[in-house]
Each structure stands twice: as structure tokens, then as C-alpha cells.
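Subject: Structure handover

Hello,

The structure is below, followed by notes on what was found in it.

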Amino acid sequence: AVALLLRAGAAPVDAVRLFSAFTMDSFGTIAYNIDLGMLAALERGVPSTATPDPMSNAVYAHSLDHGFALLGPIFFSLAPRLMFIQLLPEPLSTVGTFFAKWMSAPYRAFRKHAAAVHSKSVDFIASRRAELDSTEGKEDLLSLFLKASDEHGVPYRVPSKSHDNALTSLLLSFMVAGRDTTANTLTWLFFEIAQPHNAETLEQLLDEIDSVLLGEAPTYDDIQKRLPLLKGVVYETLRLHPILTQLPLSAVKDDIWPDGTVCPAKTNIRICVDAICRDARLYPDPHVFRPHRWIPFREPPQAEFPVFKGGPRLCIGMHMAIFEVSVVTIHILQKATLTIAPDQDLGPGAGTTNVVFSRAQKRSQMQVFVKPR
């Protein structure tokens with residue numbers, strides 16, 4: 001990603017697509033130890049809408065991206081109809097549900113993309129099983145899971161449909177947990193530090209990275225203990241721009257909240273993450289980007305910082321996402337700074353995730369110019 005930025009020259013680069021491609025390729029390496037080819041396609045100038053070669057690994061990434069993009073249209077167009085159909089008696093309810101889904105173009109397209117993701121994932125798993133004995137020392141997630149066993153004690157390396165389905169779902173969960181969080185947070189982070197009123201923060205961040213790392217790659221300990229302003233910048237970005245601004249939940253049983261509120265079973269609850277993270281009682285000057293509020297760092301209570309949900313359902317990709325955002329930020333700022341191209345009218349989008357949206361271009365993008373250091 002850094003090399004691609006440095007080769008941009010005077011031409012603007014779409015940071016949204018760049019970070020999305022980078023995190024998808026990173027997921028391919030971490031999960032399957034394969035190259036999904038998204039950065040390579042971006043460098044070749046391949047449009048994001050282009051359909052890749054059906055035999056290439058890029059089919060997985062393409063179908064994953066386009067499938068997720070259809071979730072919003074499906075929810076807003078199909079869900080209201082299904083809610084009405086569920087009120088009908090059987091067999092009308094079952095028949096009506098089938099035809100409603102069949103008549104929905106977004107739903108049919110989603111099923112096609114989902115099938116492609118599953119099929120490609122099964123191919124990856126079969127290929128890795130065949131070479132498992134010769135891949136000792138590989139530390140991708142698939143290799144680790146293939147050495148584990150299911151709840152009946154049968155190793156996942158033993159081929160079966162249930163094992164393929166379990167491994168596919170498990171790896172997809174890791175991707176969903178970490179991919180959007182990382183890509184969108186990186187975009188918002190560079191949006192914030194590129195603002196003129198945050199110029200002093202950027203200079204301090206550059207000084208910290210240069211003086212601590214001396215041009216070397218960071219270690220885990222560096223990020224955890226020796227770069228407090230970087231950690232503050234990451235957490236402040238997450239506070240102001242949580243990837244999921246709302247968390248819809250449903251009570252599975254009667255409950256009583258700490259303040260005495262009675263919450264009956266089946267109650268639908270919506271946690272407004274952005275409202276909590278901009279509560280002046282918790283964060284003075286809540287709308288101001290102030291990374292120094294996190295120095296010295298203390299882990300925020302989950303109830304005051306529900307960016308990664310909390311409790312037993314705390315996001316499994318949380319630590320990986322924060323670490324990856326930190327590493328990429330360091331590598332970019334060691335080589336260059338980014339300035340935002342004019343006339344984009346940037347702000348949050350209206351989708352299920354909090355993306356940077358250009359109201360001028362009417363799509364998710366953030367064109368930036370690269371200034372080598």
C-alpha cells in the first residue's frame with residue numbers, strides 16, 4: 001500500500017479504495033496465506049466493478065465486497081415485505097417468503113456472490129489440506145484451524161461438508177470483524193490528521209514516530225508502550241468515527257439493567273454508539289479531535305466506548321484491527337504525508353458502516369495527494 005502511494009506522483013489516490021484493497025489482501029494472507037490481488041488490480045487501474053477471472057483468487061474478494069454492498073438494499077427493500085408475509089397463516093407464509101426472495105434482484109445477486117465466496121473458500125481449504133504436511137511452520141489461520149478438532153474430537157483436516165462449512169464461517173467471521181474496521185478507521189484517521197486545524201497534532205505524531213523508531217519497522221511493544229500519541233490518534237479516531245454507529249440488539253429473556261430499568265424478553269434495543277462516544281459527560285469537548293485526552297492511556301470501560309461492542313460479544317477482531325491500523329499509519333507516515341484533494345464535500349455515509357462519503361461525487365471515496373517526506 002505504501003509503495004503504491006509513493007508511485008502515485010502528482011495524481012490523486014482514492015484512500016477509501018486503497019485501504020479497502022490493502023485490508024482485503026491482508027485478510028487473504030492472514031487467513032489463507034494467499035494473495036487476493038486487490039492491490040495489484042488497483043495498481044493496474046482495474047475498475048472496482050470489473051468481474052475478475054473466475055479461476056483467480058480475486059473472485060473471493062470481488063464477491064465478498066459486492067455481496068456486502070447488497071445487504072443495505074436487501075434490508076430496506078425485502079425486510080418490510082417479509083415482516084408482512086410472516087403474519088400470514090401457513091402455508092401462505094412459507095410460499096410468500098419463497099416468492100418474495102425469488103423476486104428480489106438484490107437478494108438473487110447476493111445469493112450468487114455468497115455461493116462464489118463459499119465455493120472459493122472450500123477450494124482454498126481443500127488445497128491447504130492436500131499440502132498440510134508440507135506446510136509446517138505456516139501460521140495463517142486456516143493452517144492453525146486444520147490442526148484443531150471439532151466438538152466430537154475429529155480433526156478438521158479430515159474432509160467433510162460440515163468441516164468445510166465450519167471453517168468457511170469461522171474465517172469469514174474474522175474477516176467481517178476486522179476488515180471494515182481497519183479500512184474505514186484508516187481512512188478516517190488520515191482524514192482527521194489532514195485537517196488544517198490538526199496540523200500541530202500531525203507534526204507531533206511525525207516527531208514521535210521518527211524519534212522512537214528511527215526509520216525502523218515497529219514491534220508490538222513499540223505500539224503498545226512507546227508511541228502514546230499514535231495510540232491516542234487511533235482511539236480518538238475510533239471515538240469520533242465508530243465503524244458501527246448503532247448496535248441493534250434483542251433481549252432473549254427478561255432482564256433488569258443496573259439503573260433499575262426493566263427490559264422484558266424480546267425487547268428490541270438500539271445502542272447509539274456515536275451518541276455515547278460524543279457524550280460531554282464522558283469526553284469534554286466531545287466533537288473536537290483531541291488525541292491527547294488518551295495520554296496517559298487507560299483502557300476505556302466498554303459501556304463508555306462500545307466501538308467494539310462489549311461483554312462476551314466483544315469483537316474478536318478488535319486487537320488485530322487496532323494493531324493493523326497502527327502499523328499501516330506508521331509505515332505511511334515514515335515515507336509520506338497525505339493531503340485531501342479539494343471539492344469533495346466529505347462526510348459520513350448512510351450505509352451500515354461509517355464510511356467516508358463524498359457528497360460531491362455521490363459515492364464512498366476520499367481522494368488524497370501524496371507528499372513524500
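The lining of the second largest pocket takes at least two residues from each of β2 (246-250), β3 (255-256) and β5 (268-272). Strands here are DSSP runs (E, at least two residues), numbered from the N terminus. A pocket is an open set of points on a 1 Å grid over the protein atoms alone where a 1.4 Å probe fits, with protein on both sides within 12 Å along at least five of seven lines; lining residues have an atom within 4 Å of a point.

This is a predicted model: local features need pLDDT of at least 70 and side-chain atom pairs pLDDT 80 or more, while totals for chains, interfaces and linings use all residues. Residues are numbered from 1 along each chain as its sequence is written, and side-chain values use heavy atoms, without hydrogens and water.

β2 gives the largest share of that lining, three residues. The lining has 23 residues in total, with L249, W257, I269, I271 and G310 nearest the pocket centre.

T353 sits in the loop between β7 (346-348) and β8 (356-358). T353 counts as buried because its relative accessibility is 18% (buried is under 20% relative accessible area, 1.4 Å probe, protein chains only). Not counting residues up to four places away in sequence, T353 touches D180, N184, I243 and L244 (contact is heavy atoms within 4.5 Å). From T353 to I322 is 17 Å, C-alpha to C-alpha, at a separation of 31 residues in sequence.

Leaving aside neighbours within four places in sequence, Y32 has contacts that include F27, Y60, R128 and D140.

Regards

Note on methods: Helix = DSSP H or I, 4+ residues; strand = E, 2+ residues; numbered from the N terminus. Buried < 20%, exposed > 50% of the residue type's maximum accessible area, 1.4 Å probe, protein only.
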